[in-house]
Amino acid sequence: MAAVLAVSLALVLQASLFDHLAVQGVVPDLVLLVVVAAGLAHGSEVGLVLGFGAGLLLDLAPPADHVAGRWALALLVVGYVAGRLAASGRPRLAQWWPLSVAAAFVGTSVFALTGLLLRDPAVGVGELLRVELVSLAWDAGLALVVVPLTLALFARVEPDRVLV
């Protein structure tokens, strides 16, 4: 339940406040980072389901300008991968950031590649690398704050359900 509320809050912040902080048109992926934290805290199954639901909400939230389902697929993969990485051992504090950056790279790459496959006109091939780099820089910086805070929230609200 805490994960659903965290994703909902992240979605509202991403669609409203963070939309005004866009750099070169790229908004920080706050929802993606909350899905990473949920996958790390609750495992791959919860990460997968939460990632799919969060991605679907992100696909439908305004100003959605892409084919629906792309974020659902990307965050489904992110939640599963983060959960699998957490299942391979208890990640230490120094591992959360690299895991979060890697998951953000995977998520934005899946989103970008599905756009190419579906011929989504929102981002052209020439802009793809620039958008990927800006998004990765945003997510790497934001992960330093969002992932530990979200993990601490999960540990405090649902201590018996957290793996980490």
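Author: Start with one term: a residue is called buried when its relative accessible area is under 20%. In α3, that label goes to S44, G47, L50, G51, A54, G55, L58 and D59. Keep in mind that this is a predicted model.

Reader: How confident is the predictor in the chain?

Author: The mean pLDDT is 85. Of the residues, 91% reach 70 or more. Confidence is highest in α3, at a mean of 93, and lowest in α5, at 85.

Reader: What elements make up the chain?

Author: There are six helices and zero strands. From the N terminus on, the order reads α-α-α-α-α-α.

Reader: Why is L99 called buried?

Author: L99 has a relative accessible area of 19%. The cut-off is under 20%, so L99 counts as buried. This residue lies in helix α5.

Reader: Why is V12 called exposed?

Author: V12 has 51% relative accessibility. Exposed means over 50%, so V12 takes that label. V12 sits in helix α1. From V12 to W97 the C-alpha distance is 24 Å, and the two are 85 residues apart in sequence.

Reader: Which residues of α1 are buried?

Author: They are A2, A3, A6, V7, A10, L11 and Q14. The cover over them includes α2, α3 and α6. A helix has 3.6 residues a turn, so residues three or four places apart point the same way.

Reader: How do you know that the length of α3 fits a helix?

Author: α3 has 17 residues. At 1.5 Å a residue, they should span 24 Å. The end C-alpha atoms are 24 Å apart, so the span agrees. For α1, with 14 residues, the reach from first C-alpha to last is 20 Å, close to the 20 Å expected.

Reader: What makes a group of residues a nonpolar core?

Author: Two things are needed: the residues must be buried ones of the listed nonpolar kinds, and side-chain atoms within 4.5 Å must join them. The largest such core here has 41 residues. Those with the most contacts inside it are V31, L32, L40, L75, V147 and F154. Two or more residues each come from α1, α2, α3, α4, α5 and α6. The largest share, eleven residues, comes from α2. In soluble globular proteins, nonpolar side chains tend to be buried together.

Reader: What is L32 in contact with, leaving aside its neighbours within four places in sequence?

Author: L32 is in contact with W71, L75, V78, A103, A104, G107 and T108.

Reader: How do you know that the chain agrees with a compact globule?

Author: Compare two values. For 164 residues, a compact globule would have a radius of gyration near 15 Å. The chain has 15 Å, so the two agree. Along the principal axes, the C-alpha atoms fill a box of roughly 45 × 25 × 25 Å.

Reader: What share of the contacts joins residues 24 or more positions apart?

Author: The share is 76%, counted among contacts with a separation of 6 or more.

Definitions and conventions:
Residues numbered from 1 in each chain as written. Predicted model: local features only at pLDDT ≥ 70, side-chain atom pairs only at ≥ 80, totals over all residues. Heavy atoms only, no water. Buried < 20%, exposed > 50% of the residue type's maximum accessible area, 1.4 Å probe, protein only. Helix = DSSP H or I, 4+ residues; strand = E, 2+ residues; numbered from the N terminus. Contact = heavy atoms within 4.5 Å. pLDDT = per-residue confidence, 0-100. Rg over C-alpha atoms; globule rule 2.2 N^0.38 Å. Expected span 1.5 Å × (residues − 1).
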